[in-house]
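Okay, thanks everyone for coming.

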Amino acid sequence: MQEHRRSYVPALGFHWLTRMYDPVVAVLLKEEKFKRALVNQAGLKPGHRVLDLGCGTGSLTIMLKRACPTATVVGLDGDPAVLAIARAKIAAADVHVELQEGLAFAPPFAPASFDRVVSSLVFHHLTTEDKRRSLARVRELLRPGGELHITDWGQAQNPLMRLAFLSVQALDGFRTTTDNVRGRLISFMQEAGFTEVAETHRAMTPLGTLSRYRAIAPT
Ligand SMILES: C[S@@+](CC[C@H](N)C(=O)[O-])C[C@H]1O[C@@H](n2cnc3c(N)ncnc32)[C@H](O)[C@@H]1O
């Protein structure tokens with residue numbers, strides 16, 4: 001359990017801030033808009049099995065299910081406290097999705113068991129090694145031709161965005177966030193064996209550059 005506790009950074013960097021996560025993200029990041037764009041990019045089809053990796057409080061998980069009610073949507077997160085919030089939101093939203101506690105680099109699922117893996121604001125919580133091994137596991141979880149869609153902090157577009165991102169780094173730590181601001185997620189996805197890896201969108205926010213990515217599991 002001790003190793004499990006050390007293996008993830010909570011939603012806002014500190015456990016005591018987790019309750020504040022939803023209002024902070026809604027106001028500072030136009031959450032509905034950027035998550036809607038991620039859901040649209042994921043292009044869910046009826047019957048798909050979809051994993052929300054690092055689902056947090058479940059907002060994206062609910063949006064994925066509502067976008068495609070016949071898809072099976074599963075949320076995975078390492079933090080039992082954030083999953084408790086997600087459970088309450090999912091019950092209030094009256095949707096059926098499955099939540100599991102587990103770590104991104106040791107997901108408790110069979111190989112080739114998902115058509116889509118979608119992840120929002122999670123990879124900047126992972127060390128370089130954990131980013132690499134999580135992406136390798138995600139590739140194994142996807143069926144051939146399955147797709148990974150990520151929104152996370154990306155390479156700063158300009159000095160102002162680099163400065164703004166210092167606020168995220170102060171909260172979540174420099175060790176896990178530096179890869180993001182250097183734009184290294186793309187090369188990590190390529191190293192994990194994904195094809196057609198691309199940054200599909202980049203937006204300026206009060207907290208830095210938010211990037212959207214797409215990658216395909218080889219057939
Ligand atoms: C900033 S929150 C994002 C939550 C949600 N995806 C969203 O966009 O609102 C990051 C989430 O990643 C989870 N997390 C961090 N490291 C993790 C790991 N190694 N395995 C699984 N979840 C992890 C945290 O518990 C937290 O819920």
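Let's begin with Leu121, which counts as buried because its relative accessibility is 8%, and the cut-off for buried is under 20%. Keep in mind, by the way, that what you're looking at is a predicted model. To find Leu121, go to the loop between strand E4 (114–120) and helix H6 (128–141). Most residues other than glycine have a negative phi.

Now hop over to Lys30, in the loop between helix H2 (21–29) and helix H3 (31–42). Here phi is near 50 degrees, again a positive value in a residue other than glycine. Is Lys30 buried or exposed? Exposed, because its relative accessibility comes out at 58%, and the cut-off there is over 50%.

Okay, on to the strand, E7, residues 208–216. Eight of its nine residues are buried, so E7 is largely enclosed by the rest of the structure.

Who are its partners? One of them is strand E6 (residues 195–205), joined to E7 by eight bridges and running antiparallel to it. E6 and E7 make a hairpin, with two residues between them. If you want a landmark, look for Thr205, which stands opposite Gly208 in E7.

Strand E5 (residues 142–153) pairs with E7 too, in the antiparallel sense, over seven bridges. The landmark for that pairing is Thr151, standing opposite Arg212 in E7.

That's my tour, so over to you.

Conventions. Residues are numbered from 1 along each chain as its sequence is written. This is a predicted model: local features need pLDDT of at least 70, side-chain atom pairs count only at pLDDT 80 or more; totals for chains, interfaces and linings use all residues. Side-chain values use heavy atoms; hydrogens and water are left out. Buried means under 20% relative accessible area, exposed over 50%, partly exposed in between (1.4 Å probe, protein chains only). Helices (H or I, at least four residues) and strands (E, at least two) are DSSP runs, numbered from the N terminus. Two strands pair if DSSP finds at least two bridges between them.
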